[in-house]
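Good morning, colleagues. Please take a moment to look at the sequence and the structure, which will now be shown.

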Amino acid sequence: MPKSLKQVLSQIEKLQKEAESLRSKEISGVVARIREAIDHYGLTPEELFGSAVKSTARGRRAGKAATATKPGRKAAGKRVGTGRASMGSPKYHDGAGRTWTGVGKRPNWFKDALAAGKKAEDLLIR
């Protein structure tokens with residue numbers, strides 16, 4: 001019996017959620033290993049990204065705005081140096097290396113912990 005469009009779309013949605021969950025788990029593991037290496041070797045941001053990396057008051061990297069336009073030209077009202085904003089410091093953690101700043105979409109591990117009976121206060125980084 002052929003599948004209906006509704007069944008296929010439902011299956012796609014389930015697979016997308018599963019893929020998002022797997023990606024989130026993989027990323028948290030990678031980030032945990034990177035943080036562990038940074039702590040182990042005592043690396044600084046300058047050592048990781050070079051001496052040109054200095055945070056501005058807005059959390060953007062210096063140097064991006066200076067190279068965004070050609071010499072002798074004005075930005076013509078455009079926002080210059082609109083690179084990705086700083087991630088911010090983590091506010092919540094799960095004890096397994098996964099963290100969340102408390103901004104944006106709640107990660108699956110956070111939602112799962114709440115569903116398991118934990119409170120947000122239990123996951124705060126102290």
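I shall speak about confidence, then a helix, then one serine, and finally a core.

What we have here is a predicted model. The mean pLDDT of the chain is 79, and 71% of its residues reach 70 or more. Among the elements of the chain, the highest mean pLDDT, 94, belongs to helix H1, and the lowest, 85, to helix H2, residues 45–49. Over residues 56–70, pLDDT stays under 50; the model has 21 contacts beyond four places in sequence for that stretch.

Let us turn to helix H1, which covers residues 5–41 and has 37 residues. From first C-alpha to last, H1 reaches 53 Å, close to the 54 Å expected at 1.5 Å a residue. After H1 comes glycine 42, with a positive phi near 65°.

Within H1 lies serine 28. Is serine 28 buried or exposed? Because its relative accessible area is 14%, under the 20% cut-off, serine 28 counts as buried. Its side chain reaches the backbone oxygen of lysine 25 at 2.8 Å. Setting aside neighbours within four places in sequence, serine 28 is in contact with Gly97 and Arg98.

Finally, the core. Which residues form the largest nonpolar core? There are six: Tyr92, Trp100, Trp109, Phe110, Ala113 and Leu123. Helix H3, residues 108–115, gives the most to this core, with three residues. In general, nonpolar side chains tend to be buried together in soluble globular proteins. Not counting residues up to four places away in sequence, tryptophan 109 touches Tyr92, His93, Asp94, Arg98, Thr99, Trp100 and Leu123.

How values were computed:
Residues numbered from 1 in each chain as written. Predicted model: local features only at pLDDT ≥ 70, side-chain atom pairs only at ≥ 80, totals over all residues. Heavy atoms only, no water. Core = buried A, V, L, I, M, F, W, Y, C linked by side-chain atoms within 4.5 Å. Buried < 20%, exposed > 50% of the residue type's maximum accessible area, 1.4 Å probe, protein only. Helix = DSSP H or I, 4+ residues; strand = E, 2+ residues; numbered from the N terminus. Contact = heavy atoms within 4.5 Å. Expected span 1.5 Å × (residues − 1). Polar contact = N/O pair within 3.5 Å; in protein donor to acceptor, adjacent residues only side chain to side chain. pLDDT = per-residue confidence, 0-100.
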